[in-house]
Amino acid sequence: MKKYRSSIILFLVFEAIAVWLWLSTGNLFFLLNFSYIGICIGLGGVLFAVGWKYAREFTQFSVGSYLLVFLGLICRENMQIEGLWYYLLCGIWGAGTIHYAIAKFFGPLLFGRGWCGFACWTAMILDLLPYKQTKASRKKWGFIRYIMFGLSLAVVLLLFALDKANTHTMFLLFVAGNIVYYAVGILLAILLKDNRAFCKYICPITIFLKPMSYYSLLRIKCNEDKCINCGKCLKVCPMDVDVNKNSRSRKNATECILCQKCTKVCPTKALTI
Ligand code: SF4
Ligand code: SF4
Ligand code: SF4
């Protein structure tokens with residue numbers, strides 16, 4: 001049962017959130033929504049534990065496409081960062097704020113950047129590109145994410161100033177924002193030969209995710225006594241984490257998306273989650 005422990009815990013956490021939000025708001029949607037996400041994550045974890053090659057992709061697509069297509073395009077909820085600003089400025093505890101609170105503020109204290117590895121609908125597409133192992137050296141472009149963060153807030157503030165901030169405009173912004181994110185993400189991946197270049201340099205959400213995931217309970221641990229410095233883990237890591245060190249301050253530590261590619265290739269089982 002030990003290998004299923006994380007999956008069971010994550011499923012129970014999402015189920016608890018589902019029941020809590022359902023009972024506190026009286027809205028059945030929350031029960032169905034978070035139960036579905038919890039089942040996808042739990043099932044994906046079990047499939048991973050039994051060694052199915054596409055377990056992570058299964059979770060990524062079942063959660064990511066649900067959020068993008070059903071909640072975003074059909075229910076017309078802006079689940080991007082602009083949606084968060086909109087809800088906050090309206091003082092609404094709605095889908096956008098709840099999504100951010102769970103996936104991007106408090107959740108990372110438990111599951112780090114699991115969102116980025118298993119649920120994000122932007123990365124779900126970027127991960128299909130052929131540049132799975134980083135070839136390019138790391139650029140000093142991380143400042144772009146702060147510009148994007150400021151721009152996202154500025155756009156929503158402008159909509160309020162123009163009296164155009166409403167659910168319809170936010171839906172159009174969601175569609176436009178995703179088209180821009182996919183276009184920039186794919187272009188950057190091709191230019192840098194790195195599927196996750198968008199995540200490393202552009203994505204504004206990392207401003208929340210990085211500091212919170214530093215304290216994550218779930219993390220890749222390295223038993224340095226077992227490590228023979230073969231470098232295999234460093235080669236497969238899509239996020240350039242110095243994972244063969246155990247410190248929380250290892251290089252790019254807060255970029256880890258918990259994909260576990262490193263644990264699979266380690267010949268001495270020095271890496272565990
Ligand atoms: S860094 Fe941003 S784009 Fe990349 S997976 Fe995380 S949330 Fe998605
Ligand atoms: S390969 Fe390992 S260190 Fe790199 S992102 Fe995946 S889980 Fe994290
Ligand atoms: S793959 Fe394992 S043994 Fe090799 S460097 Fe990484 S942690 Fe050390």
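How many of the ten residues of helix 4 are buried? The legends below begin with that view. This is a predicted model, in which local features need pLDDT of at least 70 and side-chain atom pairs count only at pLDDT 80 or more, while totals for chains, interfaces and linings use all residues. Residues are numbered from 1 along each chain as its sequence is written, and chains are lettered from A and ligands numbered from 1 in the order in which they are written.

**View 1. Helix 4 (81–90) is largely enclosed by the rest of the structure.** Seven of its ten residues are buried (20 or more other C-beta atoms within 10 Å of the residue's own; exposed means 12 or fewer, partly exposed in between, with C-beta atoms placed from the backbone). Here they are: Ile81, Glu82, Gly83, Leu84, Trp85, Tyr86 and Tyr87. Their cover includes helix 5 (95–111), helix 8 (144–161) and helix 9. Helices (H or I, at least four residues) are DSSP runs, numbered from the N terminus. Just after helix 4 comes Gly91, with a positive phi of about 70°.

View 2. Most residues other than glycine have a negative phi. Arg76 counts as partly exposed because it has 14 C-beta neighbours inside 10 Å. Lys193 is partly exposed too, with 14 other C-beta atoms within 10 Å.

**View 3. Ligand 1 sits among residues that include Cys116, Cys120, Cys199 and Cys203.** Thr122, Ala123, Phe198, Ile205 and Thr206 also belong to these surroundings. (A residue is near a molecule if its C-beta atom, placed from the backbone, lies within 6 Å of it.) Helix 7 (121–126) and helix 10 (197–201) each contribute at least two residues to the shell. By class, the shell holds seven nonpolar, two polar and no charged residues (Ala, Val, Leu, Ile, Met, Phe, Trp, Tyr, Cys and Pro count as nonpolar, Asp, Glu, Lys and Arg as charged, the others, Gly among them, as polar).

Methods: Contact = placed C-beta atoms within 7 Å.
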